[in-house]
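This briefing walks through one protein model, topic by topic, for a reader who has the coordinates at hand. Please keep the structure open while reading the points that follow.

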Amino acid sequence: ANAPIFGIDTNGFVNEWNRMATEITGFTTDDVMDKDLVRTFITPEYQDSVGEVLHKALQGEETANFEFPLFTKSNERVDILLNAATRRGTDEVVVGVVGVG
């Protein structure tokens, strides 16, 4: 994929991180898996707003084109325009969120 893609579970912990997300941030899959996405990788002034978008996606309310400011491994900020989509299991129960840049 040419876009960064990440996934979180219903607790907000990273469970998917593609190659482009690694290229943009410098964090490998091993660096990010099972870590709190918002508290660990989002700049402090955006943690509430990004957390709200992800919370809404967990409730089934998807958001397109919102600003997603990530910290890189070198502690720089990278702004990604992101779409947050609800991720459902085979039984249609929400299992998390997938974000595509």
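**Hairpins, sheet and cavity**

With five residues between them, β3 and β4 make up a hairpin, and in its turn Asn-75 has a positive phi of about 65°. The model is predicted, and the mean pLDDT of the protein is 94, with 100% of its residues at 70 or more. The points below take up the strand pairings, the sheet as a whole, the helix lying across the sheet, the cavity and the confidence values.

**Strand pairings**

- The strands β3 and β4 run antiparallel and are joined by seven bridges; within this pairing, Phe-66 has Leu-82 in β4 as its bridge partner.
- Between β4 and β5 the pairing is again in the antiparallel sense, over six bridges, and Ala-85 finds its bridge partner in Val-98 of β5.
- The hairpin of β4 and β5 also has five residues between the strands, and here Glu-92 takes a positive phi near 70°.
- Strand β1, which covers residues 5–9, pairs with β2 in the antiparallel sense over three bridges, and Ile-8 stands opposite Val-14 in β2.

**The sheet and the helix across it**

- Taken together, five strands form an open sheet in the order β2-β1-β5-β4-β3, with antiparallel pairing.
- The edges of this sheet are β2 (14–17) and β3 (63–71), each of which pairs on one side only, while the twist from one strand to the next averages 30°.
- Helix α4, residues 47–58, lies across β1, β3, β4 (77–88) and β5 (94–100), and the helix runs at about 135° to β3.

**The cavity**

- Rolling a probe the size of a water molecule over the atoms shows where empty space is left.
- A search of the whole structure finds one cavity of 30 Å³ or more, and the largest cavity has a volume of about 50 Å³.
- The residues that line the largest cavity are Pro-4, Ile-5, Phe-6, Trp-17, Ala-21, Phe-68, Leu-70, Ile-80 and Leu-82; at least two residues of this lining come from each of β1, β3 and β4.

**Confidence**

- Among the elements of the protein, the lowest mean pLDDT, 91, belongs to β3, and the highest, 98, belongs to β2.
- Where pLDDT is low, the predicted coordinates should not be read in detail.

Methods: Residues numbered from 1 in each chain as written. Predicted model: local features only at pLDDT ≥ 70, side-chain atom pairs only at ≥ 80, totals over all residues. Heavy atoms only, no water. Pairing = 2+ DSSP bridges. Helix = DSSP H or I, 4+ residues; strand = E, 2+ residues; numbered from the N terminus. Axes fitted to C-alpha atoms, helices over the stretch in contact; angles between N-to-C directions. Contact = heavy atoms within 4.5 Å. 1 Å grid on protein atoms, 1.4 Å probe; cavity = no way out; pocket = protein on both sides within 12 Å on 5 of 7 lines; lining within 4 Å. Points joined across faces, edges and corners; volume = space filled by probe spheres on them. pLDDT = per-residue confidence, 0-100.
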